[in-house]
Amino acid sequence: MMQNVHLAPETDEDDLYSGYNDYNPTYDTEELENDTAFQQAVRTSHGRRPPITAKIPSTAVTRPIATGYGSKTSLASSVGRPMTGTIQDGVTRPMTAVRAAGFTKAALRGSAFDPLGQSRGPAPPLEAKNEDSPEEKIRQLEKKVNELVEESCIANSCGDLKLALEKAKDAGRKERVLVRQREQVTTPENINLDLTYSVLFNLASQYSANEMYAEALNTYQVIVKNKMFSNAGRLKVNMGNIYLKQRNYSKAIKFYRMALDQIPSVHKEMRIKIMQNIGVTFIRTDREKMKKAFQKLIAVPLEIDEDDKYISPSDDPHTNLVIEAIKNDHLRQMERDRKAMAEKYIMTAAKLIAPVIETSFAVGYDWCVEVVKASQYVELANDLEINKAITYLRQKDFNQAVETLKMFEKKDSRVKSAAATNLSFLYYLENEFAQASSYADLAVNSDRYNPSALTNKGNTVFANGDYEKAAEFYKEALRNDSSCTEALYNIGLTYKKLNRLDEALDCFLKLHAILRNSAQVLYQIANVYELMEDPNQAIEWLMQLISVVPTDSRALSKLGELYDSEGDKSQAFQYYCESYRYFPSNIEVIEWLGAYYIDTQFCEKAIQYFERASLLQPTQVKWQLMVASCFRRSGNYQKALDTYKDIHRKFPENVECLRFLVRLCTDIGLKEVQEYATKLKRLEKMKEIREQRIKSGRDGSGGSRGKREGSASSDSGQNCSASSKGERLSARLRALPGTNEPYESSSNKEIDASYVDPLGPQIERPKTAAKKRIDEDDFADEELGDDLLPE
């Protein structure tokens with residue numbers, strides 16, 4: 001195989017990198033000192049001739065180039081080109097390919113190495129500014145104008161609008177001077193348009209902020225009409241805003257639409273805002289239309305005769321008979337109906353537009369009152385003021401309502417009665433019964449046939465406990481107006497207080513025929529049936545109630561209570577669970593559900609209810625004891641022990657807790673048993689001493705206690721429902737095993753929870769009445785007292 005391999009001879013091998021350091025001997029300067037011909041030439045005049053400069057600064061003939069094959073080409077002398085390494089004008093031309101540039105012998109080159117040119121000295125000083133030159137004056141004036149614009153904007157942001165306007169005006173004056181100076185020095189094309197735009201725009205904004213709308217519009221017009229300003233058409237939005245403030249809605253819409261046309265579709269957000277402004281302007285336009293329509297309504301002639309026509313001018317019997325005949329004829333009744341209809345329309349229209357035609361409802365009502373006073377319906381102005389006060393009531397602004405109503409105390413009797421009725425209602429809501437009674441008397445004396453005034457008077461008497469007299473006022477109100485639902489409702493409550501249950505039921509059933517879906521009436525009927533010991537009827541009416549208000553937790557808990565009293569535990573559990581779902585903070589419901597799970601031997605589920613009860617009443621130790629008891633009954637003794645220890649830290653004087661700690665520590669074999677036993681003995685001894693002291697004190701006050709017991713027995717009939725429920729819940733909790741059973745309490749008296757009737761005494765509080773306006777339906781919403789089924 002090696003016979004086919006041929007090796008190249010070494011003599012024919014070429015060095016690819018050779019020849020780069022070969023150069024013409026003419027350029028060798030290292031041996032010039034030993035060159036006799038060169039030294040002779042230097043000493044002659046030939047050496048003192050000036051150097052020949054190159055006529056063309058380019059290389060005429062290239063130097064020899066060594067190739068990779070070793071061939072070399074001799075270079076001819078460059079004609080007129082300085083040789084490499086020579087000194088020309090004190091600057092050394094660097095060697096090429098032999099030595100690095102600048103590193104030569106200083107003595108032979110004639111100059112030191114100075115690549116940065118530091119030997120040339122410092123730079124010459126800058127020329128001083130000529131402050132008197134026109135260009136400098138223009139520059140300084142432009143700077144001053146910018147500063148004034150900035151100061152104007154800052155003053156506006158700080159709320160000093162007057163100073164902002166002065167700065168803007170000053171900037172405008174100086175900018176005009178600047179423009180004239182520029183025109184004298186330079187061409188008009190060099191005028192700073194951005195500065196002119198900013199000055200004019202700021203001036204227009206400050207005019208608008210100072211409500212100088214005419215000047216602002218003129219300034220905006222100057223900007224918009226100048227075609228040299230780009231995108232100036234967008235300022236028509238600002239012009240539209242000014243016209244909107246001036247209530248010139250047609251021009252505002254016009255300028256908004258012009259601005260919308262000049263804004264490209266890519267600016268979606270800006271276009272949306274402009275369209276929103278157009279919508280707002282149309283709404284404002286509707287406000288003006290509403291005002292004009294109301295004024296037209298006021299101006300409609302009734303074409304009826306005045307009441308003076310029906311007053312006899314003389315004692316002529318024949319004339320008096322004619323007047324008496326026409327006082328109540330069909331034509332006169334038609335006139336009355338027409339007038340009543342016109343007044344109704346005017347009052348309805350005023351109540352509808354007053355809250356929306358101005359910035360606030362009060363200003364709107366004032367505008368309507370002024371328009372009505374200037375018309376033929378002057379007497380309606382007082383009714384509008386009454387409605388204004390009622391609107392204040394709906395907004396919970398009682399002070400403004402009272403202030404408005406008190407203005408009518410010196411008016412005629414009809415208006416005074418309406419105002420006093422509402423004032424009585426207000427003071428009754430604030431539990432100021434003396435003031436409420438005073439204004440109720442004033443309302444009744446001003447108008448004895450005012451059912452709302454009589455109802456409010458009955459309410460104040462009811463609050464003082466005189467139920468028989470309150471019933472008389474309610475009856476009188478019903479005689480004056482049989483449709484007064486407030487008086488009918490309140491008389492039913494009064495009969496309940498007087499224990500006249502049949503009459504109370506009759507009142508509420510009549511009211512139910514009028515108000516079919518009233519939750520308050522349905523509840524009262526169910527409550528009366530419960531007091532009459534007819535639980536089936538009570539359950540039926542409560543079912544109707546929860547069909548109207550299905551999320552009312554009180555109604556659901558009452559249903560659970562009634563089913564529990566009937567022995568239907570499953571239905572009771574269902575409704576108690578629903579009540580707990582809607583209102584999980586009712587202690588009575590929580591207690592019943594916890595006791596139910598204990599009865600059914602699901603102590604683990606009872607824990608969550610008693611824990612919630614302990615969160616709601618953290619100072620009541622009984623809930624925490626029940627939690628620990630549930631842990632014991634479920635067999636989790638360690639958790640029960642930890643819970644009892646925690647209870648002992650919070651309530652160190654609780655005997656029940658110490659008893660269980662002693663027993664648990666004894667059975668588990670803990671060393672703390674002696675400590676807890678010592679504390680228990682000390683507390684029991686202190687408890688015996690305290691009981692002896694109480695007993696000795698009771699023996700000395702036996703007579704007074706007998707009186708108190710007699711008084712308490714007289715009220716037992718009224719609280720039978722609450723007592724029965726409390727006894728049932730207490731009995732359920734007392735059913736826990738005694739101390740003789742393992743890990744159970746000997747007495748559950750501290751666990752017994754007192755029962756509070758979910759209805760509360762405030763339910764028996766009567767309704768109050770207040771007139772919306774004279775000769776109209778009674779006050780419908782605000783006259784009611786507290787809700788019958790409070791959340």
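Analyst: A salt bridge here is a side-chain nitrogen of Lys or Arg within 4 Å of a carboxyl oxygen of Asp or Glu. The model is predicted, so local features need pLDDT of at least 70 and side-chain atom pairs count only at pLDDT 80 or more, while totals for chains, interfaces and linings use all residues. Residues are numbered from 1 along each chain as its sequence is written, and side-chain values use heavy atoms, with hydrogens and water left out.

Searching the whole structure gives 22 salt bridges.

Helices are DSSP runs of H or I with at least four residues, and strands are E runs of at least two, numbered from the N terminus. Arg 182 is buried, its relative accessible area being 14%. Glu 142 is also buried, at 18%. The classes are buried under 20% relative accessible area, exposed over 50% and partly exposed in between, computed with a 1.4 Å probe on protein chains only.

Arg 247 and Glu 358 meet through their side chains at 3.6 Å, N to O. Arg 247 is partly exposed, with a relative accessible area of 47%, while Glu 358 counts as buried at 11%.

Lys 273 and Glu 269 form a salt bridge at 3.8 Å, N to O. Both are in helix H9 (residues 268-298), 4 residues apart, which is about one turn of the helix. For Lys 273 the relative accessible area is 47%, or partly exposed; for Glu 269 it is 57%, or exposed. Shared partners also join salt bridges into a network, made up of Arg 247, Lys 291 and Glu 358.

On cysteines, the whole structure contains 0 disulfides, a disulfide being a pair of cysteine sulfur atoms within 2.5 Å. For Cys 603, the closest cysteine sulfur is that of Cys 630, 5.2 Å away and too far for a bond. Cys 603 is buried, with 4% relative accessible area, and Cys 665 is buried at 1%.

On backbone angles, most residues other than glycine have a negative phi. Glu 211 has a positive phi, near 60°. This residue, Glu 211, sits in the loop between helix H5 (193-209) and helix H6 (213-225) and is exposed, with a relative accessible area of 59%. Gln 601 also has a positive phi, near 65°. The loop that holds Gln 601 runs between helix H25 (587-599) and helix H26 (603-616), and Gln 601 counts as exposed at 55% relative accessibility.
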